[in-house]
Amino acid sequence: MNKYKKIATAVVATVMAGTMVASLAACGPKEADVKLRSTDIPTTRFNAAASELTEQAVGDLKVTLKDGKLAYPAGTTVVSNIIDSGNADRAIGFDASQIAGSWTGLDGYTYSAGDLKPAWWQFGQNLGINFKDDKKTDRSGKELSTVGQNSEWANYNLINSSVGAINANTDNLVDLSKFLQYMPNFKAFLEQYPIVEWSLKMNTDGAIYMIPYFDGNDDIEKYEMVQRDWVKKVLDDGVDASKAISYLDQYKAKVNGEATGITIDNLTAGQLNWSTGEANKYTVKTVNPSNKSQLIDLTVDYGAALTAAKDDTTALGKAVKDAAGVAYDGGASISLGEQESGNIVDLQNYAIVKTQGAVKGDALAKILQEYIKVAYKNGTSPFYTTLSDVFLSSSGAWDADLMVAMFRCVVTNFKSFNGLADAQAKEVWALAGREMKAQRENDLI
């Protein structure tokens, strides 16, 4: 085994475009700083006297232990080569492009180029470690492979890279799964979030060669950002019917005018099999709107929505009939399949197909509003104070189908939004990749 085995920290394996091997930077604020950091922060985790430390073989590695825990001499230096796409913002130390001269942070300390960023300095203080930042800005995405090509394994302890490069260099990397007994917090974290553990192990036969990287937590990264005032306009305030455009008009604008009609084959289908136990409904845990420290069960009831949608004397049934021109028949006449559907996407589909796309945004928004009132319940009570809470509050519990329905309302009602009165349909897209790139769209699909 290469004696210079390293830890590669990775973006969660299957989702992120690249993975990151963590490199550690060193060098805290200088002694001449206007305000020095508190001296009561411990700079050592243990007495480094050899008599207090023991060595143990873990596989083919020698591990230093104290009282059964991983140990290291105080002041140990960990060298990091972390950089992402040449982006200095993501390194652990300040770059000359970020600080000209000196800069006093919100923590009251003065920093210069080359100093560790505050969180990394504190991290080093807490661990009794010196982080040294040795980022290589000319190696974006190739840190690990370049280290191997240049025989630089002895130079770095933490490196960022892609999953592919990590899997190709496992002979030179530390298998963290062998050390989980010495890392109780990390072990507990993986047990609490099995999807994270799965993503770290999926290509390595149970070995872990990278640490997880998140833009968020609790799941592999799947989240959307939405303009809050658009959601409020569609669900709470109401759109201007005189400014709404048809589903077909926005569709044609985005396919160069080629569409002459809409069929069920052109449309997203509602997901009919979300139920977790009782047919035609599912229950999820979410934050109690009246007590943010509690979780409660929220039920999304497709069955109740189906019953209401087929009865044109109800508000939902009337909204579907007004939009489609005929009462809802459960979807049979537009070939939704053998199973009748009370899913919001299919209710909108019914209106879109029955009108060959002529249905306008205000009618689609009305269906969505009435659907949320019927389908989203805490027991038998309405769950949200305002309808937009389903998307915007800490108790929000929208699913992919509700997002599709909302975005259909966005692209057909955009002229009701501030600043978009003169926009064209071909310019307004409800869903876009980060930085105008398709980095996460495949995962969403």
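**Strands and their pairing.** Two strands count as paired if DSSP finds at least two bridges between them. The model shown in these views is predicted.

View 1. The protein has 14 helices and 14 strands. Of its 445 residues, 44% are buried.

**View 2. An open sheet of 3 strands in the order β2-β3-β4.** The pairing in this sheet is antiparallel. β2 (54-58) and β4 (69-70) are the edge strands, each of which pairs on one side only. Between β2 and β3 there are 5 bridges, while 2 bridges join β3 (residues 61-66) to β4.

**View 3. The hairpin of β2 and β3.** The hairpin has 2 residues between its strands. Gly59 has a positive phi near 65 degrees. Val58 stands opposite Leu61 in β3. Which residues of β3 lie on its covered face, and which on its uncovered face? Leu61, Val63 and Leu65 form the covered face, whereas Lys62, Thr64 and Lys66 form the uncovered one.

**View 4. The hairpin of β3 and β4.** Here too 2 residues lie between the strands. Asp67, in the turn, has a positive phi of about 55 degrees. Most residues other than glycine have a negative phi. Lys66 has Lys69 in β4 as its bridge partner. Lys66 also belongs to the uncovered face of β3.

**View 5. Asp175, a buried residue with no salt bridge.** Asp175 lies in the loop between α3 (163-168) and α4 (184-192). How far from Asp175 is the nearest side chain of opposite charge? That side chain belongs to Lys178 and is 4.6 Å away. The side chain of Asp175 does make a polar contact with the side chain of Ser177, at 2.7 Å. Leaving aside neighbours within four places in sequence, Asp175 is in contact with Ala207, Ile208 and Tyr209.

**View 6. Ser151 and Ala154 in the loop between α2 and β9.** Ser151 is found in this loop, and Ala154 lies in the loop between α2 (143-149) and β9 (158-160). Ser151 is not a glycine, yet has a positive phi of about 55 degrees. Are Ser151 and Ala154 exposed or partly exposed? Ser151 is exposed, because its relative accessible area is 63% and the cut-off is over 50%. Ala154 has a relative accessible area of 43%, so Ala154 is partly exposed. The C-alpha atom of Ala154 is 9.8 Å from that of Val79, although the two residues are 75 residues apart along the chain.

**View 7. Gln356 in the loop between α10 and α11.** Gln356 is found between α10 (344-354) and α11 (361-375). What is the phi of Gln356? The value is near 55 degrees, which is positive in a residue other than glycine. Gln356 counts as partly exposed because its relative accessibility is 38%.

Key. Residues numbered from 1 in each chain as written. Predicted model: local features only at pLDDT ≥ 70, side-chain atom pairs only at ≥ 80, totals over all residues. Heavy atoms only, no water. Helix = DSSP H or I, 4+ residues; strand = E, 2+ residues; numbered from the N terminus. Buried < 20%, exposed > 50% of the residue type's maximum accessible area, 1.4 Å probe, protein only. Lys, Arg positive; Asp, Glu negative; His and termini not counted. Salt bridge = Lys/Arg side-chain N within 4 Å of Asp/Glu carboxyl O. Polar contact = N/O pair within 3.5 Å; in protein donor to acceptor, adjacent residues only side chain to side chain. Contact = heavy atoms within 4.5 Å.
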